[in-house]
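I opened a new page for this chain.

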Amino acid sequence: MQDKAKQMLIDYIQATIMSKLGPEEQARYQQALESGEIMPPE
């Protein structure tokens, strides 16, 4: 149950960040996430 809530929170934060970024920043943010440059909060 806690894991699901945590994942929903992470998704919400990411969606909020994405909605404020332009397409180029979104691509860069996505790349950074995939490369492990940005770690989702534990």
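**Entry 1**

I started with Ile17, which I found in helix 1. I noted first that the model is a predicted one. Is Ile17 buried, exposed or partly exposed? The relative accessibility of Ile17 is 32%, so I wrote down "partly exposed". The cut-offs explain that label, because buried means under 20% and exposed means over 50%.

Next I looked up the patch that includes Ile17. Leu9, Tyr12, Ile13 and Ile17 make up a nonpolar patch on the surface. Together these four have about 390 Å² of accessible area.

**Entry 1: the whole chain**

I counted two helices and zero strands. The protein chain has 42 residues, and 12% of them count as buried.

**Entry 2: helix 2**

Helix 2 runs over residues 23-35. I checked its length. With 13 residues at 1.5 Å a residue, helix 2 should span 18 Å. I found its end C-alpha atoms 18 Å apart, so the two values agree.

Which residues of helix 2 are buried? I listed Tyr29, Ala32 and Leu33. They cover an arc of only 100° around the axis, so they sit on the same side of helix 2. I asked what the buried residues of helix 2 pack against. My note reads: helix 1, residues 2-20.

Then I turned to the other side of helix 2. Exposed residues there are Pro23, Glu24, Arg28, Gln31, Glu34 and Ser35.

I also looked just past the end of helix 2. Gly36 follows there, and its phi is positive, about 85°.

I looked up Gln14 next. Gln14 lies in helix 1. Its relative accessible area is 22%, so Gln14 is partly exposed. What does Gln14 touch, if I skip residues up to four places away in sequence? I found Tyr29 and Leu33. Both of these are on my list of buried residues in helix 2.

Gln14 and Gln30 are 16 residues apart in sequence. From C-alpha to C-alpha they are 9.7 Å apart in space.

Technical notes
Residues numbered from 1 in each chain as written. Predicted model: local features only at pLDDT ≥ 70, side-chain atom pairs only at ≥ 80, totals over all residues. Heavy atoms only, no water. Helix = DSSP H or I, 4+ residues; strand = E, 2+ residues; numbered from the N terminus. Buried < 20%, exposed > 50% of the residue type's maximum accessible area, 1.4 Å probe, protein only. Expected span 1.5 Å × (residues − 1). Arc of directions from axis to C-beta. Contact = heavy atoms within 4.5 Å. Patch = residues over 30% accessible without salt bridge, like charges linked within 9 Å, V, L, I, M, F, W, Y side chains within 5 Å. Areas by Shrake-Rupley, 256 points an atom, 1.4 Å probe, with all protein chains shown as cover. Salt bridge = Lys/Arg side-chain N within 4 Å of Asp/Glu carboxyl O.
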